[in-house]
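Please look through the structure shown below, and then read the briefing that follows.

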Amino acid sequence: MRSDRRFVCIHGHFYQPPRENPWLEDIETQDSAYPYHDWNERITAECYAPNTASRILDTDLKIIDIINNYSRMSFNFGPTLLSWMKVHSPQIHEAIIEADRMSRTRFSGHGSAVAQVYNHMIMPLANGRDRKTQVIWGIRDFQSRFGRSPEGMWLAETAADLLTLDILAENGIKYTVLAPRQAKRVRLIGTEEWRDVSGEKVDTKSVYSCQLPSGRKIALFFYDGAIARDIAFGNLLTSGENYAKRIMSAFSDADNAGPQIVHIATDGETYGHHYKLADMSLAYCLYDIEAKGQARITVYGEYLGKFPPRHEVEIFENTSWSCEHGIERWRSDCGCNTGVNWKQFWRAPLREAMDWLRDELVPVYEKELGFYVNDPWKVRDAYIDVILDRREENVEKFLREKVDPELSAEEKNRILTLLEMQRHAMLMYTSCGWFFDEVSGLETTQVMSYAARALHLAEKATGVSFENAFQGKLVKVPTNIPDFQNGAHIYEIFVKPARLDLYRVGAHYAISSLFTEYPEKFQIYCYGGVNRAYEQVETGLLSLATGRIQIRSNLTWNQKEISFAVINLGGYNISGGARDFIGEEAFTRMRGQIKEAFLKSDIPGTIRLIDRHFRSQEYSIWSMFRDEQRKILNIVMATTLENVEAVFRQIYETNYPVMNMMSALRAPLPKALSTTVEFIVNRDLRDILEKSDIPVSALRKQVDEIRKWPIEPDRNSLNLIARNSITGRAKRLAEDPFDLSLWEKIEEIIRTLEPLHLDIGLWETQNIYFRIGTKMYAGMQKKAEAGDARAQSWLERFQRLGDELKMKFK
């Protein structure tokens, strides 16, 4: 069959659930993601970033090209993930957006990016209003990022029913992708006879039209399940060439075969996170197919534009790609799990509790917002424009145009609180909350946290609390871990401690101000503040801070003016209070009394005065947000670690001659001495690598010192420090690529560290090298051939660094 009738499309579903603390709107430290701050950061490093610059290797395993995989594949990203990425990894976010722009040139004006329902809600289990909002928010988020309207939309877990597909079509979506087992029967358009294709018998090489209840139609692509399973659970990604062969084997060689599209869909994280370096297998697969002219690489929108459906399909409703039992994985103990021998009886009562809460909040929202607008749900649909741009002028514009141009500050606060309540009432349905095995797991307690935030906001808006009733529902949620008792107890120990109010934000400011100098206007996560008065005094190792600040939520515009006093008794022994500011006279009197007692070194009296003035609103380091807690503990521990280092260094230097002799005699060092050696030699190497001008001779000497002893390098810290050191110099090289001494220094650092077999990760340095080479290599080569000595020196340095980086330019 002619290759111009064969098309290949590889789709990656790139998604992580929202992980933000609902009160802070940011992700706090997740220790399970170490050495990264959190799982989003880790998976970005392992997958999302590498796919923006994936390597093509030659037979010598040298890098000969770097390509953006996203520009050649079909892909979707979760909107909440992209929101995080735009703030915390903006270069990767922009590379993904740029890939879609590049793809439109490659694919006849059709982009490679596909939209996704907003927060990965299982659509057939949602009510009609939530389904509609999920689609509208997903489309609007896509438009704001990619600068165009989406042609396709990814459904969470490909979970589908006709109503969901109808809502997609109603909002201009042309196609979606489903699993082959979701196809029920097909027929040639214009004929009467249906053919049963249940049990994955559907021909996945065609596109199908699905007739919807409203009379609308939507195109459906059913991915190749066999190849997708080989990718996800087999060893297909160990070779890009074998990957390409497997795809090409799926084409029909029949003479009468029409246009065919072999396409697959898997989790995008397969390419780098689940399987290390699998992004390179993907890159080489696409490269190999195109280079050999075996088929044309395409995306769904382009193929649909060229070859409209010739067949009609009916689907099995309430089905998905990751549950053999339909959509039961998200509402019952169907047997689907991740391999742990636990029961999932908790899924049904947890969903019942969430449904109860959602339905209780509906009349609250309709009644409260109904005072201002005729259609509160239309306002919620439009609220995505605020989520995407929370600048005050944009929020004011939204409130003026969608609600009322004459709102008071209190009314604006109430309306924004109600809308945030509804946002969290949808976030609590994020699918991962039910996907895994245990109700106390990270993903499930996360959706409980969103429910808790919705409850909190409802109480703020109306004064009515639903929390006790909600926890009563959670009592019926069982756990596999007896110590956790039930869902209500899990809620109590994992969710409730995260709940906060503006007093706690004020206390966080007060305590952290003892260690961090704040400007007059400051930000603490999603809260803005203004310092109205602040004073810090010290006596010996003790310090006292008093002041008043204005704190405002950037989301709901709830605000308070708060006064505080906090005393540091040394180390992490901190105590203080925060309360409403009750006037200048009372504040001045409070500050004066506490300061007077402190300066007289009457510490018990100081603490009694703080207790008296702030009563029950007392706080300590335990009241702080997790990342700042650790920052302060690191500051407190710094002196201790300096003392430890001094002791270790004295032991190391005093006993070095005898340890050196023991090493020469191959006698094992006592554990106390080997620990000392390991600490000191690793610390000295870190110190050298952190210098702005690394002395290569000292670096070489220290590497030799580490190799002399029977110890392991501290790989986690050395990898990171070496990577930062080399990358920083590569960035300087990008600014001045004619600095030959810098080319030489980078090459020497890499070569000197090689005997330690560190996993430095030269990805970013290789990218910079490739960009410089793409821009300059050909021109410098011509100059060198014409006898330009400077160009000849440049080429020599360029090629020598390329050898260290395993890169080749021709």
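This is a predicted model: local features need pLDDT of at least 70, side-chain atom pairs count only at pLDDT 80 or more; totals for chains, interfaces and linings use all residues.

**A helix across strands**

- Strand β8, which covers residues 183-188, pairs with β9 in the antiparallel sense over two bridges, and R185 stands opposite D196 in β9.

**Aromatic pairs**

- The structure holds 48 aromatic pairs.
- In one of them, the ring centres of Y70 and F75 are 5.3 Å apart and the ring planes are at 65°, so this pair is edge-to-face; both Y70 and F75 are buried.
- The rings of F221 and Y303 have centres 6.5 Å apart and planes at 65°, so they too form an edge-to-face pair.
- Because F221 lies in strand β11 (residues 217-222) and Y303 in helix α9 (residues 300-306), the pair ties together parts that are 82 residues apart in sequence, and both F221 and Y303 are buried.
- Ring pairs also link F14, Y48, Y70, F75, F77, F142 and F146 into a cluster.

**Charges over rings**

- The charged end of R351 sits over the ring of W434, at 4.3 Å from the ring centre.
- The charged end of R548 sits over the ring of F581, at 4.4 Å from the ring centre.

Notes:
Residues are numbered from 1 along each chain as its sequence is written. Side-chain values use heavy atoms; hydrogens and water are left out. Rings of Phe, Tyr and Trp (its six-membered ring) pair if their centres lie within 6.5 Å; planes under 30 degrees apart count as stacked, over 60 as edge-to-face and the rest as tilted. Buried means under 20% relative accessible area, exposed over 50%, partly exposed in between (1.4 Å probe, protein chains only). Helices (H or I, at least four residues) and strands (E, at least two) are DSSP runs, numbered from the N terminus. A charge sits over a ring if NZ of Lys or CZ of Arg is within 6 Å of the ring centre and within 35 degrees of the ring normal. Two strands pair if DSSP finds at least two bridges between them.
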